Amino acid sequence: MAATHTATEILRRVDQPVAQASGLPNERYISDETFIADRDNVIGTGWACIAFIDDLPEANYALPVDFMGLPLLVTRDKSDTIRVFHNVCSHRGMHLADAPCKTNGMVRCPYHSWTYALDGTLRGTPHIGGVGKHDHPEFEREKHGLKAVRSSTWLGAVFVNLSNDAAEFEDYIAPLTKQFNELTTPEQRDRFKSAPQGCRTTLEVNSNWKLAVENYLESYHLPSVHPELNRVSPIDAHFELDYFDNGAGQGSLNYTRLSVDDQMLPMVDDWPEEHATRALYPVLYPNTLIGIHSDQLFIMYLQPIGPDKTVEHVRVSYVGDEALSDQYKKLRDETLTSWTSVFSEDVFAVERMQKGRSSPGYKGGAFSPVMDNPTHHFHQWVAKQLVNSDSA
Ligand code: FES
Ligand SMILES: [Fe+2]
């Protein structure tokens, strides 16, 4: 059985200069106990991505999401406002919605038929005061709406803060948007849209969610794991992004737009000429992996299923309505195929690291003082969340 370490012990071994530091201990990757602790003390303390907005394809829609054992409900009301609630009825605690559905503006509990509007307000309480009496003078309906989860939306994705005490979402992402602003304005980023085809995929990975983050943060593995990609966007064209409180990442100076039959996808207007081949690949901790380019933007969010199982949800979006037309379908399909192939190559790496986490011969390993700085930054971030949650 793996040794266990306190949060303070973990921080002590991780929070050293990179050449002397060692990483998170094995038990943080393999035990059911630390999986739930990750939810409550690591993922839950930040802003985690749990869905894409277009998982709710129209107004008056409700989407149940199981997030690390927590039943959540994402709603889109008639004016397209997105909200997130705990997916549980306020009466006797029935799990409320169990499948994505178009609604008539209400969600009805299947047990005693209490109904909730998509803003969480409790509207209907049939027979609560006896047969045929749908009110009771001592029952204060306004106190029994759905329980809201703090949520926000950005780049077509839905984020939640489960602990309810993270910084405001805009402040949380501000250092990252500042780096994005060197390439695009927020208005230009709003033009990235997803299409019905050539846009979505999921990958099931037999590894802990943190290994997928760690792998994404470094380009050290490019020549061995992605030989094709390394030919067009080689390891020495990569650079580290500025670190920030809730993220890190890398970028490439050698992004080449895909060309099919002499055609390329439309670019963001006014993308600075000097940055034409620049792409940024940040991770917004805890679980959002982003790739921004002049003609496409992808988000991969990690849905942890168990200590050694993660689903990667990928959505690629393209610039403006024009890019969504049939004319560009082949380019969209090839873009998605090419990312799927790169991400599939990474599956091998993270699954083999997961296997290595069962070895008592591994005690957190070491970091390259040059190539692993973003990975080390993530380990420090995790360790700090654990210590902060311990002392909370
Ligand atoms: S448990 Fe939902 S209406 Fe009774
Ligand atoms: Fe990779």
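Mentor: A residue is buried if 20 or more other C-beta atoms, placed from the backbone, lie within 10 Å of its own, exposed if 12 or fewer, and partly exposed in between. Strands (E, at least two residues) and helices (H or I, at least four) are DSSP runs numbered from the N terminus. This is a predicted model, where local features need pLDDT of at least 70, side-chain atom pairs count only at pLDDT 80 or more, and totals for chains, interfaces and linings use all residues. Residues are numbered from 1 along each chain as its sequence is written, with chains lettered from A and ligands numbered from 1 in the order in which they are written.

Trainee: How many residues of strand S15 are buried?

Mentor: 6 of the 6 in S15 (residues 279-284), so the strand is largely enclosed by the rest of the structure.

Trainee: Which ones sit on which side?

Mentor: Ala 279, Tyr 281 and Val 283 are on one side, and Leu 280, Pro 282 and Leu 284 on the other. In a regular strand the side chains alternate between the two faces of the sheet.

Trainee: What does S15 pair with?

Mentor: Strand S14 (residues 247-252) runs antiparallel to S15, joined by 6 bridges; pairing takes at least two DSSP bridges. Gly 247 stands opposite Leu 284. S15 also pairs with S16 (residues 288-292), antiparallel, over 3 bridges, and Val 283 has Leu 289 as its bridge partner. S15 and S16 form a hairpin with 3 residues between them.
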